[in-house]
Amino acid sequence: MGLLQEKLSKYRLPQKYQAEGVYPYFREIDSHQDTEVLMDGKKVLMFGSNSYMGLTYDQRIINAAIEATKKYGTGCAGSRFLNGTLDIHVQLEKELAEYVGKDDALVYSTGFSVNEGVVSCLTDRNDYIICDDRDHASIVDGRRLSFSTQLKFKHNDMEALEKELKRCNPDAVKLIVVDGVFSMEGDLANLPEIVRLKEKYNASIMVDEAHGLGVFGHQGKGVCDYFGLTDEVDVIMGTFSKSLASIGGFVAADHDTINWLRHNSRTYIFSASLTPASTAAAIEALHIIKEDEQRRKNLWDITNYALDRFRNAGFEIGNTSSPIIPLYVRDVDKTFAVTKLAFDEGIFINPVIPPACAPQDTLVRVALMATHTKEQIDYAVEHLVKCFKQLDILK
Ligand code: PMP
């Protein structure tokens with residue numbers, strides 16, 4: 001056995017949980033995806049999807065993807081920079097820029113590669129990146145790839161952010177990067193206060209709208225729009241893998257920022273462009289999420305109903321104010337055990353353990369879609385109470 005294999009053979013945590021029968025990952029879905037899916041032929045209620053607007057199996061979007069595949073083919077075989085730019089990529093960029101209220105936008109192949117390629121590229125040696133300590137892994141990786149000084153503040157703690165800003169050279173570029181909606185906790189960044197601090201310390205702000213798009217703001221434009229702070233936020237990114245029922249991501253900003261990224265962002269330049277099917281699906285989904293207010297209203301009706309039901313049933317749900325409802329467990333083994341018990345009751349929820357959260361903050365994450373019904377929420381609450389009580393998480 002080589003040294004590499006010898007070292008890696010010591011990693012046996014997955015096997016431990018598999019042996020205990022509670023391993024919760026890579027569960028296979030063998031049907032179309034909506035609030036109910038089939039897994040191994042069995043019906044399961046899906047509370048683990050980020051398809052907030054419930055559009056993943058929308059016939060209009062499916063047709064758009066099929067038509068684009070027929071017209072352009074299955075892939076682009078090259079980067080946007082060289083041979084991989086289609087007219088529909090440019091159309092999507094124009095529509096996204098207008099939608100989120102910025103001059104221009106760039107479309108990348110995943111949301112992860114947006115953060116990785118944008119956060120790493122905007123600041124340089126003498127600059128600073130300042131992140132919330134609950135920011136998404138893709139922001140963390142982008143920050144790690146940057147040559148600038150990297151600072152962190154405690155989740156949504158504005159005094160801690162100000163302390164970091166005070167440490168910076170006042171003449172250097174300071175980029176504050178936050179999730180608009182935090183992906184595991186479901187709470188919102190305190191953008192009004194972040195904007196106040198940005199102005200006081202002459203900093204810049206980038207907001208990740210992965211979980212805000214479609215959900216918050218006028219026409220689902222996101223959290224920046226919801227707070228009326230689009231102009232004050234310098235850079236907005238989003239993904240197509242949640243409300244937009246596809247895969248891919250974008251960054252939107254002023255002309256000069258986008259011009260810089262277009263010619264320097266490595267995950268944009270050195271990676272093949274978004275497939276025609278994914279691009280056309282994102283365009284169609286964007287039209288729907290802009291126009292379908294009823295769908296957004298359903299999402300918020302079901303979200304408010306579920307927030308009340310979970311809270312009243314005694315679950316600890318933290319500061320969420322979004323369709324992401326964390327049910328805190330605060331113990332890794334019990335988090336896996338309760339995920340398995342719920343699955344046996346026909347409920348799919350996601351376990352969240354380190355590094356996706358702090359060790360003392362493990363939770364199961366319930367995510368809602370516009371297509372969920374109150375009956376489905378009632379079923380979930382009732383059966384999750386039973387599972388949580390069985391493990392003494394709920395008294
Ligand atoms: N940002 C946040 C906040 C996310 O939650 C995610 C995905 N979970 C991403 C970025 C990456 O997006 P994608 O799935 O499109 O790569």
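This is a predicted model: local features need pLDDT of at least 70, side-chain atom pairs count only at pLDDT 80 or more; totals for chains, interfaces and linings use all residues.
Q: How far apart do the C-alpha centres of domain 1 and domain 2 lie?
A: The domain assignment gives domain 1 as 13-46 + 293-390 and domain 2 as 59-291. Their contact takes 20 residues from domain 1 and 21 residues from domain 2. The C-alpha centres of these domains are separated by 27 Å.

Q: What area is buried between domain 1 and domain 2?
A: The size of an interface is often expressed as the accessible area lost when the parts come together. Carbon and sulfur atoms give 50% of the area buried here. In domain 1, Glu293, Arg296 and Ile324 lose the most area to domain 2, together 35% of what that side buries. The total between the two domains is about 1,300 Å².

Q: How many residue pairs are in polar contact across the interface of domain 1 and domain 2?
A: The count of salt bridges between the domains is 0. Polar contacts are a separate count, taken with both residues at pLDDT 80 or more. For the interface of domain 1 and domain 2, that count is 9 residue pairs.

Q: Which element supplies the largest share of the side of domain 1 that touches domain 2?
A: At least two residues of this side come from each of helix 13 (293-312), strand 10 (324-328) and strand 13 (363-367). By class, the side has 12 nonpolar, 4 polar and 4 charged residues. The largest share, 5 residues, is supplied by helix 13.

Q: Which residue has a side-chain N or O atom 2.6 Å from a nitrogen atom of the ligand?
A: The ligand is surrounded by 15 residues, and the closest are Gly111, Phe112, Asp208, His211 and Lys242. Oxygen atoms of the ligand lie 2.8 Å from a backbone N or O atom of glycine 111 and 3.1 Å from a polar side-chain atom of serine 241. The residue with a side-chain N or O atom 2.6 Å from a ligand nitrogen is aspartate 208.

Q: What is the phi of asparagine 156?
A: Most residues other than glycine have a negative phi. Asparagine 156 is placed in the loop between strand 5 (149-153) and helix 7 (158-167). The phi of asparagine 156 is positive, near 55°.

Conventions: Residues are numbered from 1 along each chain as its sequence is written. Side-chain values use heavy atoms; hydrogens and water are left out. Domain bounds come from an automatic or database domain assignment. Contact means heavy atoms within 4.5 Å. Buried area is the accessible area (1.4 Å probe) that two parts lose on being put together, summed over both. A salt bridge is a side-chain nitrogen of Lys or Arg within 4 Å of a carboxyl oxygen of Asp or Glu. A polar contact is a pair of N or O atoms within 3.5 Å; within protein, one must be able to donate a hydrogen and the other to accept it, and residues adjacent in sequence count only if both atoms are side-chain atoms. Helices (H or I, at least four residues) and strands (E, at least two) are DSSP runs, numbered from the N terminus. Ala, Val, Leu, Ile, Met, Phe, Trp, Tyr, Cys and Pro count as nonpolar, Asp, Glu, Lys and Arg as charged, and the others, Gly among them, as polar. A residue is near a molecule or strand if one of its heavy atoms lies within 4 Å of it.
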